[in-house]
Amino acid sequence: MAGLCCIMPLSSRRMSSVMFYKIQVSKKIQIPHIPPTLGVIFSNFRASRLMFETRTMVGAGGKSLGSRRNLQIKAEVDFVNAEEAKKLVAVEGYAIVDVRDKFQYSRAHIKSCYHVPLFIENQDNDLGTVIKRTMHNNFAGLFFGLPFTKLNPEFVQSVKSQFSPESKLLLVCQEGLRSAAAAKQLEQAGFANIACLTSGLQTAKPGIFDSVGSIELQDAGKAGLVTIQGKISAVLGTVLICAFLFITFFPEQAEKLLQMAPSG
């Protein structure tokens, strides 16, 4: 068989008369029992929910006027690795939407992608925010270079202004968490063809995507003191070794230097 389709019931609720089915499709095929007029074509890596909804018509006096059955197909979010993501873009025409903050995006991003950050820099000046921002900048901001951000209230609207609900979108971030959260928002807003890069750009090997920036894509999330801790350790280690050798081979000179040091 060129394609394989498996339909499994997910749930059945008698009160609402709604039944859900999950369709797993391994290749591009047309589901045979769905009327051809619907023109439903499923592509690689897709998983969809097939929903049958039965509604009972009730007339005056509570008399039943018959029932009506509707069919709805709702695609689920795909989670793909870097190689699969590249195929989605090259073969199926997915547009890449980078949902990282502007700092990570400026360090490195995929060429020709769209930038719509899920979080934006929080510059609010109320007392609570000022205290939180100060604590953040002294710890996470200092050591890891993470900006103090808040949820972008215009995220969904910004995506809608650039894409239709039928658009094929590949969402990427640095670790994979923000893209999953963004996918949930877009799915609730009516977008039906969404894919996310599993574990984010940190797993993308050099050369998989054409990138723009001063560093590699997988390193765009590294900032702050953690980026130079290796260099600091090397310098301190060299200083300690030199001091040990100086004290070992020139003990008299070392003692004189210690005597010259100011005392508390």
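Leaving aside its neighbours within four places in sequence, which residues is Asn122 in contact with? The close-ups below start there, and please keep in mind that this is a predicted model.

**View 1. Asn122 and the residues around it.** Here is the reply to our opening question: beyond the neighbours within four places in sequence, Asn122 is in contact with Thr129, Arg133, Phe148, Thr149 and Lys150. To find Asn122, look in the loop between β11 (119–121) and α3 (127–138).

**View 2. Asn122 and Asp124.** Stay with Asn122 for a moment and look at its side chain, which reaches the backbone nitrogen of Asp124 at 3.1 Å. Is Asn122 buried or exposed? With a relative accessible area of 9%, Asn122 counts as buried, because the cut-off for that word is under 20%.

**View 3. Strand β14 and its surroundings.** Now we move on to strand β14, made up of residues 193–197. Four of its five residues are buried, so the rest of the structure largely encloses this strand.

**View 4. β7 beside β14.** Strand β7 (residues 78–80) runs parallel to β14, and three bridges join the two. To get your bearings, find Phe79, which stands opposite Cys196 in β14.

View 5. Leu169 has Ile194 in β14 as its bridge partner.

How values were computed
Residues are numbered from 1 along each chain as its sequence is written. This is a predicted model: local features need pLDDT of at least 70, side-chain atom pairs count only at pLDDT 80 or more; totals for chains, interfaces and linings use all residues. Side-chain values use heavy atoms; hydrogens and water are left out. Buried means under 20% relative accessible area, exposed over 50%, partly exposed in between (1.4 Å probe, protein chains only). A polar contact is a pair of N or O atoms within 3.5 Å; within protein, one must be able to donate a hydrogen and the other to accept it, and residues adjacent in sequence count only if both atoms are side-chain atoms. Contact means heavy atoms within 4.5 Å. Two strands pair if DSSP finds at least two bridges between them.
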